Amino acid sequence: MAKHDIVPDDVPTDDLADRVRNGLRDVEDPDLGGNVLDSGLVTAVSVDERVVRIDADLTGFDEPTAEDVTEAIRRRALATPGVERATVEGDAPDGAADDEIDGPAGVDTVIAVASAKGGVGKTTVSTQLARALAAEPDHDVGLFDADLYGPNVPELLDLEGPIAADAEGNAEPIDAGDLTAMSVGLIANDEPLAWRGAMAHEAVSELFEDTAWGELDTLVVDLPPGTGDIVLTALQSLPIDGAVLVSTPHPTSVADTSRSATLFEENGVPLLGTVVNMRGFTCDCGREHDLFPDTDVERELDKPVLCELPFDERVRDFDDGVPAEMIDLADAVRERLEDVDDFSVPDHALDLRGLPKPIRHEQATEEFRVTEPGEWFYLLNDHDPSPLAAELVAAVGRDGPPGDAFEEYEVRRRGPNEWVMAVSR
Ligand SMILES: Nc1ncnc2c1ncn2[C@@H]1O[C@H](COP(=O)(O)OP(=O)(O)OP(=O)(O)O)[C@@H](O)[C@H]1O
């Protein structure tokens, strides 16, 4: 029988938090002995109507112990007359942290530029996009060249090392006119770049994290090409707010770009759209030629085309003013960022971060079961919560994929260690 069926309605809720606290004195702290309240393991108990939230400090425990103690706390809270639901939220147990790195504190927005293949104009687009964004008054922009296999930004912007360190020992980005830049090329000393998996991942994330970016409105990241491990780890570890894909209109390039789009979406990185590069050219007689008139990139990728660039010297000119197409691209990127940002998470969202994994599933399904049809259910997690969706579907007696089983269903990554699932039954 469900808990709320056996609790009389006249149990007063005003001192419910005290009664839950008293009950928690029955639960032993497996580390310090004594009870979880006096030992400081439970740091707060709060009540909203009949719903109890208990904050617990689970650091110092291994995962199985954290799981046991969390469950004991939750069950004891649920046994308190008047409690309808109980959730335990806490800091992660030792060893539960993942690979994701925190974003630079002073950087507002991180935009990644990616391509399925090398040579399609990714670096050209990232560099021009950074220049175009920096052309807006009072908009501070950085450019991070994470393309390990072809770090061409120093060459394009005429940048040279050595890289200086600030007082904390962090690398100072190089002044590149209207923007600041950092490149793996600046630390490689012209050596052949034969990076291997783990080393490559560390180089990208460490340089990103250890650069003293300061206060920036936007940081543009030129990712390595492809859909391999390095791109995957880069997009999982860097706090990317939105990604721009660069493709030529050639059908095979579009097909490869579609695979990149899937990879980004599967990893919760919002796709802002595609830049179609080298779409056509204007010949000496002044006539414009579309090289692939039959390719409709927007339809094939089902993503907005942010701009189409001609094959033209102006596009790769970094000395004079920023080409008009790039200013339009910067506007389109800003507009799309507003669309994808439009996803606010209410305070009452169920925050599963820091809880042992088996407990997370139970808490999520229990909470979800008692949401009313039509009511939104939000949960926060520190990694992709999509696998949980099938359990939510089953919890309310439905079947099929969550997109079909629910009225609304969306999963978004909002930054390192922060994923949101929003469901309306
Ligand atoms: N629209 C364009 N018109 C003319 N030349 C272009 C255009 N876009 C890119 N290029 C040129 O094409 C070449 C490849 O571009 P770029 O280096 O930007 O590609 P990439 O995808 O970053 O390549 P890699 O993966 O090798 O770093 C460069 O010489 C660049 O100047």
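Reader: Which residues does UniProt list for "binding site"?

Author: The unreviewed UniProt entry lists Ala116, Lys117, Gly118, Gly119, Val120, Gly121, Lys122 and Thr123. The structure itself is a predicted model.

Reader: Where is Val120 placed?

Author: Val120 is in the loop between β4 (107-115) and α4 (122-134). Gly121 lies in the loop between β4 and α4 too.

Reader: Why is Val120 called buried?

Author: The cut-off is 20 or more other C-beta atoms within 10 Å. Val120 has 23, so Val120 is buried.

Reader: What makes Gly121 count as buried?

Author: The cut-off of 20 applies again. Gly121 has 21 C-beta neighbours inside 10 Å, so Gly121 counts as buried.

Reader: Which residues is Val120 in contact with, leaving aside neighbours within four places in sequence?

Author: Ser115, Val246, Ser247, Thr248, Ser253 and Asn277. A contact here needs C-beta atoms within 7 Å.

Reader: Which residues does Gly121 touch, not counting residues up to four places away in sequence?

Author: Gly121 touches Val246, Asn277 and Met278.

Reader: How many residues surround the ligand, and which are the closest?

Author: 19 residues surround the ligand. The closest are Gly118, Gly121, Thr123, Thr124 and Gly150. The element that gives the most to this shell is α4, with 3 residues.

Reader: How does the shell around the ligand divide by class?

Author: The shell has 9 polar, 6 nonpolar and 4 charged residues. Gly counts as polar in this scheme.

Reader: Which residues have the most contacts inside the largest nonpolar core?

Author: Ala112, Val113, Leu129, Val221, Ala243 and Val244. That core has 63 residues. Its largest share, 6 residues, comes from α4. Ala112 touches Val221, Leu223, Leu235, Ile240 and Ala243, not counting residues up to four places away in sequence. A second, separate core has 38 residues, including Val45, Leu58, Val88 and Val423.

Reader: Where is confidence lowest and highest in the protein chain?

Author: Helix α1 (residues 3-6) is lowest, at a mean of 34. Highest is α4, at 97. The mean pLDDT of the protein chain is 84, and 89% of its residues reach 70 or more. The model scores ipTM 0.97 and pTM 0.67.

Reader: Over which residues does pLDDT stay under 50?

Author: Residues 1-9, for which the model has 7 contacts beyond four places in sequence. Over residues 95-101 the pLDDT is also below 50. That stretch has 15 contacts beyond near neighbours in sequence. Where pLDDT is low, the predicted coordinates should not be read in detail.

Notes:
Residues are numbered from 1 along each chain as its sequence is written. This is a predicted model: local features need pLDDT of at least 70, side-chain atom pairs count only at pLDDT 80 or more; totals for chains, interfaces and linings use all residues. UniProt positions are given in the numbering used here, feature names are shortened, and annotations may be inferred rather than shown by experiment. Helices (H or I, at least four residues) and strands (E, at least two) are DSSP runs, numbered from the N terminus. A residue is buried if 20 or more other C-beta atoms lie within 10 Å of its own, exposed if 12 or fewer, and partly exposed in between; C-beta atoms are placed from the backbone. Two residues are in contact if their C-beta atoms, placed from the backbone, lie within 7 Å. A residue is near a molecule or strand if its C-beta atom, placed from the backbone, lies within 6 Å of it. pLDDT is the predictor's confidence in each residue, from 0 to 100. A nonpolar core is a set of buried Ala, Val, Leu, Ile, Met, Phe, Trp, Tyr and Cys residues joined through C-beta atoms within 7 Å.
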